[in-house]
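Dear colleague,

Please find the structure below, handed over for your own work. The findings follow directly after it.

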Amino acid sequence: YIVERELDEGRISMSDMVPISVRAWKTEGSRTFVREGTSVPVETLLKGVIIQSGNDASVALAEFVAGSEGAFVDIMNQQAQLLGMKDTNFENATGLPSNEHFSTAYDLAKLARAIINDYPENYPIYAEKHFTYNNIRQPNRNSLLWRDDSVDGLKTGHTEEAGYGFVGAALQGNRRI
């Protein structure tokens, strides 16, 4: 949501080149496979985050937008409060486990609604079934995209500590679910 807001307000553009830090490159978990010392367009990193849950891309975008992941997390928490996400606290840009990193299904539904309503021009990315970067083709982790044509997003997640998570969206006729 933060990156999409920055795009909408003209502070960054999809073609901006994002330098990949050692910290981004070394981020554990799901990866976009960006390489330290290279520069990658915002659009590529955004797709890496949305389609394949690339934690490395998440950190790179956070550093680009706010100067550091910590500063980006502060922005995330401020924005969560503005969206009425009262039972959410972020500690990182990736969703990787941390003691005080939490949210609720209700709060994530608020965030999903805001993404869909506030930035519809970027929303088609959430329905893309594959993403290729660095000659590595990865499927969208949202398997419902293949099972139900009305499904058009939104995001999956998995950690050993939390298990599987899913925030889904579908458009059935004129009704958004």
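In this predicted model, arginine 31 is buried, its relative accessible area being 18%, where the cut-off for buried is under 20%. Arginine 31 sits in the loop that runs between α2 (22-26) and β2 (39-41). Its side chain reaches the backbone oxygen of threonine 27 at 2.5 Å. Leaving aside residues up to four places away in sequence, arginine 31 touches Trp25, Lys26, Gln52, Gly54, Asp56 and Gln138. Methionine 85, by contrast, is 54 residues from arginine 31 in sequence and 27 Å from it in space, C-alpha to C-alpha.

Helix α4 (residues 55-66) packs with helix α5 (residues 69-82) at an angle of about 80°, and their axes are 8 Å apart. The two helices are therefore roughly perpendicular to each other, since angles of 65 to 115 degrees count as such. On the α4 side, Val59, Ala62, Glu63, Val65 and Ala66 take part; they meet Glu69, Ala71, Phe72 and Ile75 in α5. By class, this contact comprises seven nonpolar and two charged residues, with no polar ones.

Finally, helix α6 (residues 105-118) has 14 residues and spans 20 Å from its first C-alpha to its last, close to the 20 Å expected at 1.5 Å a residue. Buried in α6 are Asp107, Lys110, Leu111, Ala112, Ala114, Ile115 and Ile116. The elements against which the buried residues of α6 pack are α1 (2-8), β5 (151-159), β6 (163-172) and β7 (175-176).

With kind regards

How values were computed: Residues numbered from 1 in each chain as written. Predicted model: local features only at pLDDT ≥ 70, side-chain atom pairs only at ≥ 80, totals over all residues. Heavy atoms only, no water. Axes fitted to C-alpha atoms, helices over the stretch in contact; angles between N-to-C directions. Helix = DSSP H or I, 4+ residues; strand = E, 2+ residues; numbered from the N terminus. Parallel < 35°, antiparallel > 145°, perpendicular 65-115°, else oblique. Contact = heavy atoms within 4.5 Å. Nonpolar A, V, L, I, M, F, W, Y, C, P; charged D, E, K, R; others polar. Expected span 1.5 Å × (residues − 1). Buried < 20%, exposed > 50% of the residue type's maximum accessible area, 1.4 Å probe, protein only. Polar contact = N/O pair within 3.5 Å; in protein donor to acceptor, adjacent residues only side chain to side chain.
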